[in-house]
Amino acid sequence: MSVPKKSTTGKPFAAVVVYTIALVMLALPVYEWMSNAWWFYQDGSDRVMMFINLPARLFALVGFLLMFFQFVLGIRNPVVEQVFNRATNLKRHRTLGKISFVLIMLHGLLIMTQDMIFAGRLLFDVYRVLGMLALLLLTAGVVAAWFYKPLKLSRTVWRRIHLTGYIVFPLGFIHSTNLGTEPATGRYTVYYLFSLWLVVYSILVVWKLYSVVRGARHRPCNSSEHGV
Ligand code: HEM
Ligand code: HEM
């Protein structure tokens, strides 16, 4: 009889700490959003704001958090792998990645619907265009990873396309901190939280580059493996 594989590496306390941090990271922007939504409601805001703008912002806030998790789970690093094994991280990465993508796409579509209603056309200011560009790159990266089988993409090709995710996150940061309501309200909690994510993202990217360079140095000269 096969023994079921454990998702953690046998450090239950560390796992509880990680889940708690993740929950706090979710609770802060949602709380900020709820406070703003409450003011909107009391103000008697119009229907477009209530049923298009508010959901669009919530989808963006949660989708962006899940996108941040994608780097923590997708980039191999000793900190997270002390707590959860690689297989668990990748499984969660695939699931959360799909949810993140759907939420962010809905965010973009809802905001474009809002612009069509208010302005009668799509708007193309710099920060909106950055958002659109980010959404296009994200779509390419996620579709390649999600549908590599029906698209008949080789492992090397889909993984290379998937690297677009690295550009999407900083674009999302610039876009959201310049346009977003929640990052600019309250005590700037959401702004500081996003900045913290950007710092962690940057550390992970540096770690990834270091791992690639170290891997290339230690690889035998006749090796045909070219990892991305
Ligand atoms: C918000 C969406 C996503 C982002 C930002 C993202 C980002 C990343 C990043 C940065 C890596 C590490 C790549 C590297 O440096 O080698 C990675 C790996 C990976 N991603 Fe995603 N990802 C997302 C969604 C998805 C989805 C939806 C799937 C599959 C359905 C997926 C499957 C994978 C797999 C299997 C790997 C491991 C590749 C390997 O090392 O062999 N990702 N992802
Ligand atoms: C078609 C593409 C997109 C458009 C037109 C768009 C437009 C907007 C607009 C107008 C806002 C301000 C909403 C408000 O406060 O009233 C906003 C906020 C935001 N966007 Fe986007 N966006 C797009 C794609 C993206 C992408 C790809 C990401 C993530 C990578 C993203 C992340 C965010 C975040 C986190 C916010 C802050 C939400 C808030 O206001 O609290 N957006 N976006």
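Modeller: Let me begin with burial: a residue is called buried if 20 or more other C-beta atoms lie within 10 Å of its own. By that rule, the buried residues of H7 are Val 168, Phe 169, Gly 172, Phe 173, His 175 and Ser 176, and they pack against H2, H5 and H8. Please keep in mind that this is a predicted model.

Biologist: Why does Gln 70 count as buried?

Modeller: Gln 70 has 22 C-beta neighbours inside 10 Å, and the cut-off is 20 or more, so Gln 70 counts as buried. Its place is in helix H2, and, leaving aside residues up to four places away in sequence, Gln 70 touches His 93, Leu 96, Gly 97, Ser 100 and Gly 165.

Biologist: What share of the protein chain counts as buried?

Modeller: Of its 228 residues, 24% count as buried.

Biologist: How do you know that the span of H7 agrees with what a helix of its number of residues should have?

Modeller: The expected span is 1.5 Å times one less than the number of residues; H7 has 15 residues and should therefore span 21 Å, and since its end C-alpha atoms are 21 Å apart, the two values agree.

Biologist: Which secondary structure elements make up the protein chain?

Modeller: The protein chain has 8 helices and 0 strands, and along the sequence its pattern reads α-α-α-α-α-α-α-α. Residues 24 or more positions apart account for 74% of the contacts with a separation of 6 or more.

Biologist: What makes a set of residues a nonpolar core, and which members of the largest one touch the most others?

Modeller: The members must be buried residues of the nonpolar kinds, joined through C-beta atoms within 7 Å. The largest such core has 31 residues, among which Phe 68 and Leu 138 touch the most other members. The elements giving two or more residues to this core are H2, H4, H5, H7 and helix H8 (189–218), and H2 gives the most, with 11 residues. Not counting residues up to four places away in sequence, Phe 68 touches Trp 197 and Tyr 201.

Biologist: Which residues come nearest to ligand 1?

Modeller: Of the 21 residues around ligand 1, those that come nearest are Gln 70, Gly 74, Gly 97, Ala 145 and Gly 165. Two or more residues of this shell come from each of H2, H4, H5, helix H6 (155–162) and H7, with H4 giving the most, 7 residues. By class, the shell has 10 nonpolar, 7 polar and 4 charged residues.

Biologist: And how do the residues of the shell around ligand 2 divide by class?

Modeller: They divide into 13 nonpolar, 9 polar and 3 charged. Of the 25 residues around ligand 2, Gly 108, Gly 131, Gly 172, Gly 180 and Glu 182 come nearest. Helices H2 (47–74), H4 (86–119), H5 (126–146) and H7 (165–179) each supply at least two residues of this shell, and H5 gives the most, with 6 residues.

Biologist: What is the mean pLDDT of the protein chain, and over which residues does pLDDT stay under 50?

Modeller: The mean pLDDT of the protein chain is 92, and 94% of its residues reach 70 or more. Over residues 223–228, however, pLDDT stays under 50, and for this stretch the model has 5 contacts beyond four places in sequence.

How values were computed. Residues numbered from 1 in each chain as written. Chains lettered and ligands numbered in written order. Predicted model: local features only at pLDDT ≥ 70, side-chain atom pairs only at ≥ 80, totals over all residues. Near = placed C-beta within 6 Å. Helix = DSSP H or I, 4+ residues; strand = E, 2+ residues; numbered from the N terminus. Nonpolar A, V, L, I, M, F, W, Y, C, P; charged D, E, K, R; others polar. Buried ≥ 20, exposed ≤ 12 C-beta atoms within 10 Å, placed from the backbone. Contact = placed C-beta atoms within 7 Å. pLDDT = per-residue confidence, 0-100.
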